[in-house]
Amino acid sequence: METEPQSPALLERKQFGNHLPPPTRTIAPGDKLPPPRRVSSGSDSSDESDEEEDLKLKIDLLPDASRASRRLPLIDCHNYSEFNIHVPAYSAACAVSAHMVAVVTGHQLRVYDLSLSESPVMNLDSKRGDFGPKFKDLKLTCVEFRPTVDDADHGALLWVGTKEGHLLEVNLRPGTVTAIRPVIHAHSVVHMFRYGQSMISMDDTGKTLVFTAPPGADLDLATQVPRVTRVSEKQDFARMLGGRLWTSSRDSSKDLSAGSRGPYIRVYDVFTPGSVGRSLLPTQHLGAVSAGTMLASDLGRVYLGHEGGHISVWETGDGDTPPQCVEVVKISSSDVLSLEGVNDRLWAGTRKGTISAYDITSKPWTVTNCWMAHQNLPVLRLMVDTWSMEKLDRLVVYSVGRDERLRFWDGLLGIDWIEQELLKRETEFCTYRNVTALIVSWNLDSAKPDALNGAAENINFLQDVLRSMDRPDIIVFGFQEMIDLESRKMAAKTVLLGGKNKSSDGSLSQKVTTAYKKWYDRLTHTVRLAMPVDEPYTVIHTESLVGLFSCVFVKNTERIKLDHASLTTVKRGMGGRYGNKGAIISRFVIDDTSACFINCHLAAGQRHVRQRNADAAAIVEDDSLPAEGVGEGAAGYINGGDGSMVLDHEIVFLQGDMNYRIDQRREAVIASIRAGELPSLVVHDQLRKEMKFNRSFRLREFLEGPLDFIPTYKYDRRSDEFDSSEKARAPAWCDRVLWRSQVPARVEQVHYRRWEANVSDHRPISAGFRISVKSIHRDSRERVKVEVKARWQAVEQSLLGAARQYYIDQQLI
């Protein structure tokens, strides 16, 4: 079969935005026909389009950050702050040794001693001739402290490289230039390293000089004859790792053919005369190498950070065996710009200004710490100050960001150790009381409240569900598909009015759609009738997002004990552009316990498990709530959070139409339901399977009560018959209530059940909880904290000893 020729007008197809027009294909006689386009079987009316599916499939499940601490690991070992040290981005280089900080930029060398002042104690400028009359207008490009035989001289002698190829030595004690090797490099010196009793310098043509002092003697720049070796030119990345020089160039990756692995990585043994560099390739195509490091807990491996958010892991091999790439891990949605092995954690800095610490002993990796280090701007460099352990009795890590700031961090993360110990002893300074919460979730399928008629299950539903607990302190209604998502007019109206549907007192305004107004009025009216007159309730939160609607009631006697009440929304439809899927997030602090309630609607479709997982990850890691500041546990937030993230809250409830299905044929599911064999279905439930087997699943640490009620989806309206339409969807537990608590014993589920109101294609569900909330006694907490800090000092000394020995073995001290 052959297609008819097209007219020139048709051939000139328009290009829309960045998207090329679809390709055409001419099928000649005898050619094999292309495979038929796959049609989704059993797809829902609310299934995502192919475009939406493709967008969501691009979302990688990154290392789990659900328990990561957001506390800044600040360190207080200097007399003066580093905040006034200016390190111009991309045009400057710096080196740190205990209190001493050296910064070179342009024609200047500035040296700070943070034990004496926050201002430079030395400022040498080549334009003034400070490096000698013959060396005016030098442009300084790199800097490093050189090794010394006498430990007392550590951090006193500085080597500086220049654009003109000179090497200079500066003695910081008298503040003078003690040696210069003019034009020892014919080109700009771009890298400089300290290794053992050697110094290595490299210029942009690949010429590398290795200066090694005789045993027992110090390096003498003026007289030392370096050994010359060659590496590839224009190395964007270079670092000494495990005694070898690892390099990579951005330009080399351009020569790779389509589909080839890359970038090229070259490793050189610069201390062995006559050795030849080895060229390596990762197991898959990656972005350019931006950083590299090793870990004390994993000496046989090198970790390289790449643009694109990947880390490649390499077995270092030996003299005869070249390094081999053994693993590639995606850790970030943005580039990994800096990387450092610190104690037993892998630290990485990204373009977004955050530094994350990863525990790589678990598979997949987990994020143990993540904090904003450089004001949402790229973290350009991460390094351990190896001399801080002997000079300051601390393991200091320093970072340099695009904000042109230098920051110091505690490499041992002592503040988190202290907070974990405080959590273990919390009963010594807290008192507790119980509050009750009732959570109701229902996918309405656009049903209005006046549809609750006919059968008693419909008429009495709201009253019955409210009386399923004895006067709960908190009542949370979370509805999905309150409006017809198939109605573009209704959905568009909701989007246009988004964020303007509440008046200043929190009540719904007249601009909101009729459906929201009717349900809001019905809920408030029913709560008023169902609850005792002497125990009134107040609506503290009400919010809508296209089809989602949340309404939170709190008993007035508890309302006065609430603080920091706030809410936000997360859009997940159409790649995050549209709110037909997403969540409404409500939070408050009661006494000193923070609680977060999420009403969600995840991606639909039998096969779309990964999209649902991505939606769940985006929702529980959302950080758009108003920040309330960080206090000494007073605000009730955990892990050093300020309340802006969902996971900052001590207790999180997640309810809604999560759309997870049962991985069995419709006939088998219905047969099991009729036979009362629900346990045999639970093992095939997608959500339970993800929680049990998917180690990167963000809801893995959430809990759920027993599924001892029959599936809530999908029914013919006003009947007990499962979907009899042409699509014949298999029954499933789409509607769920999950929870997570920092201390699991402080949340107890009282009931978990479904209700038989049948005006929607979903059955409503409810869950009741008894929650233990805490009140902190500040004086008692401070007393316990003093004891914990005293214990930390002993632990810190042990960790410092092990870390120092590692850096000695690696010849970095």
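How many of the twelve residues of strand S38 are buried? Ten of them are, so that strand S38, which covers residues 765–776, is mostly covered, where buried means under 20% relative accessible area, exposed means over 50%, and partly exposed lies in between, with a 1.4 Å probe and protein chains only. Strands (E, at least two residues) and helices (H or I, at least four) are DSSP runs numbered from the N terminus.

This is a predicted model, in which local features need pLDDT of at least 70 and side-chain atom pairs count only at pLDDT 80 or more, while totals for chains, interfaces and linings use all residues. Residues are numbered from 1 along each chain as its sequence is written, and side-chain values use heavy atoms, with hydrogens and water left out.

The chain as a whole holds 14 helices and 38 strands, and buried residues make up 55% of its 813 residues. Of the contacts (heavy atoms within 4.5 Å) between residues at least 6 apart in sequence, 61% join residues at least 24 apart.

Strand S38 has strand partners, and two strands are said to pair if DSSP finds at least two bridges between them. Strand S28 (residues 430–443) runs antiparallel to S38 and is joined to it by twelve bridges, with Cys 430 having Ile 776 of S38 as its bridge partner. Strand S37 (residues 747–754) also pairs with S38 in the antiparallel sense, over seven bridges, and here Arg 753 stands opposite Ser 766.

Another place to look is Arg 345, which lies in strand S22 (residues 345–350). Arg 345 counts as buried because its relative accessibility is 18%. Its side chain makes polar contacts with the side chains of Asp 344, at 3.3 Å, and Thr 368, at 3.2 Å; such a contact is a pair of N or O atoms within 3.5 Å, where within protein one must be able to donate a hydrogen and the other to accept it, and residues adjacent in sequence count only if both atoms are side-chain atoms.

Finally, the backbone deserves a careful look. Most residues other than glycine have a negative phi, and most peptide bonds are trans. The bond between Lys 363 and Pro 364, however, is cis, with omega about 0°, and Pro 364 sits in the loop between strands S23 (354–359) and S24 (366–372). Asn 639, a residue other than glycine, has a positive phi near 55°; Asn 639 counts as buried because its relative accessibility is 8%.
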